[in-house]
Amino acid sequence: PLFRSIYNPDSLPAGLDIKRVIATCTAKNGGVIGIKSMKSDSISPFSSRDSLDFSEPRTFTVYNYNGSVSTSYTVKVNMHKQTADQFDWTTTAERNEQIAALTDMKLVAFQGKMILAGKQGGEGKLYITTEQSMTDWKELTTNITLAPTASANLVATADKLYLLNNDKLYASADGADWQEVATPTIAKLIGASTTKLYGLTAANAIRCSADGNNWKDETMDGNVAFMPTQNITMVSQPTKVNEDMNYLVLVGNRAESFATDSTACVWGKVEDNSATASAEPWSYYPIWKDNYYKAPRLANLQIAGYGNSIIAFGGDGLGTNKAKAFSAFYVSNDKGITWKKDKGMNLPETFACDKTQFAMTVDSRNFIWIVCGGNGKVWKGRHAYKGWASEPKKFEK
């Protein structure tokens, strides 16, 4: 007989009883439907009034009106094994001494690898592992001497790593072999979009470059006094309406001297890369009194893109912010305007980490990584639905 498959591409929610399913099946031209037993090869007439056990694939056979021809179908009911919002954390069992000794860390995801930058004994360090392994960290032997500030000046694009090191910009395809690109007029490398690199000048003005060699000043539509100077992170996310456009969000803290600050400073722009586009300015997002979900000012504040959202994570509150270290992940679904605590992402009670020495980012599979200084532990977790495969819904012969 000829076997064919029937199944639901969109899995049913977790927790349903698929051992008792009422199904409706019809056949053309007066065909007769039978269903094979789960215990033997016997076939019984199908009845839509009896529930069926779909805990494993079932075989349906359709006969023509006189039983001389038949076709069999394997019918499978797919059901998720996890609820969509389930969030699970895993951690390393052993202490990593190399990670434990690092300070001023930054973590970036790059082509299926995780690159960890940090400082040890006044020298810059780089370590690498795969996205699949939280334990197999290897120190990268580089062809340049890494400055102590290397970790604050490392960014990743789709095909290259960029590093501002001792005032020179370098590019690398693997994190070990670095080639000098230029000596740009920027003091800090802050991020990258799909088409451009972004940096800050010594006067805290934003500049951008398409090739790392030629840099242009960006227009600032806002009071530059609110440009952050510490814990600066930039996220680039594509728009849903135009492949030539990106949303850029920059978040960071002002200096400790701004003792009354309780919120981080957020700037954003739409990067338009179409042929006829005009340059859009960077806009400061004011702290409106009626916004009850402001970006928190936290020690070692870090942000990362998480699907279509942006997440923020940090240590103890700074200034007049009294938040406790690691007490919440803050999620923005509107490109940095509001930031709400996500209760489902809370860290387990066993989580321990130095309150100022840690790094956080998101990899290509939507896992959130946290690398902890002090104890050398690594944590990884995600919402269950972030890992669900997208099944095809269109089929052709």
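This is a predicted model: local features need pLDDT of at least 70, side-chain atom pairs count only at pLDDT 80 or more; totals for chains, interfaces and linings use all residues.
Strand pairing first: I count two strands as paired if DSSP finds at least two bridges between them.

**Around β26**

I started at strand β26, residues 329-332. Strand β25 (residues 309-313) is joined to β26 by 3 bridges, and the two run antiparallel. Strand β27 (residues 340-342) also has 3 bridges to β26, again antiparallel. I then looked up who faces Val331: Ile311 stands opposite Val331, and Val331 stands opposite Lys340 in β27.

Which way do the β26 side chains point? Phe329 and Val331 go one way, Tyr330 and Ser332 go the other, and all are buried.

I listed the contacts of Ile368, skipping residues up to four places away in sequence. Among them are Phe87, Trp89, Ile311, Phe329, Met345, Met360 and Trp379. Thr361, Lys380 and Gly381 are on the list as well.

**Rings**

My search of the whole structure gave 14 aromatic pairs. Phe54 and Phe60 have ring centres 6.4 Å apart and planes at 10 degrees, so I log the pair as stacked. Are these two buried or exposed? Phe54 is buried at 4% relative accessibility, and Phe60 is buried with a relative accessible area of 4%.

Ring pairs also link Phe87, Trp89, Phe313, Phe326, Phe329, Phe351, Phe358 and Trp379 into a cluster. Of these names, I'd already met Phe87, Trp89, Phe329 and Trp379 as contacts of Ile368.

I checked for charges over rings. Arg254 lies over the face of Phe258, 3.7 Å from the ring centre. Lys380 lies over the face of Phe367, at 4.8 Å from the ring centre; Lys380 is also a contact of Ile368.

**Cysteines**

How many disulfides does the structure hold? The count is 0. I looked up the exposure of two cysteines anyway. Cys25 is partly exposed, with a relative accessible area of 31%, whereas Cys372 is buried at 0%.

Note on methods. Residues are numbered from 1 along each chain as its sequence is written. Side-chain values use heavy atoms; hydrogens and water are left out. Rings of Phe, Tyr and Trp (its six-membered ring) pair if their centres lie within 6.5 Å; planes under 30 degrees apart count as stacked, over 60 as edge-to-face and the rest as tilted. Buried means under 20% relative accessible area, exposed over 50%, partly exposed in between (1.4 Å probe, protein chains only). A charge sits over a ring if NZ of Lys or CZ of Arg is within 6 Å of the ring centre and within 35 degrees of the ring normal. A disulfide is a pair of cysteine sulfur atoms within 2.5 Å. Helices (H or I, at least four residues) and strands (E, at least two) are DSSP runs, numbered from the N terminus. Contact means heavy atoms within 4.5 Å.
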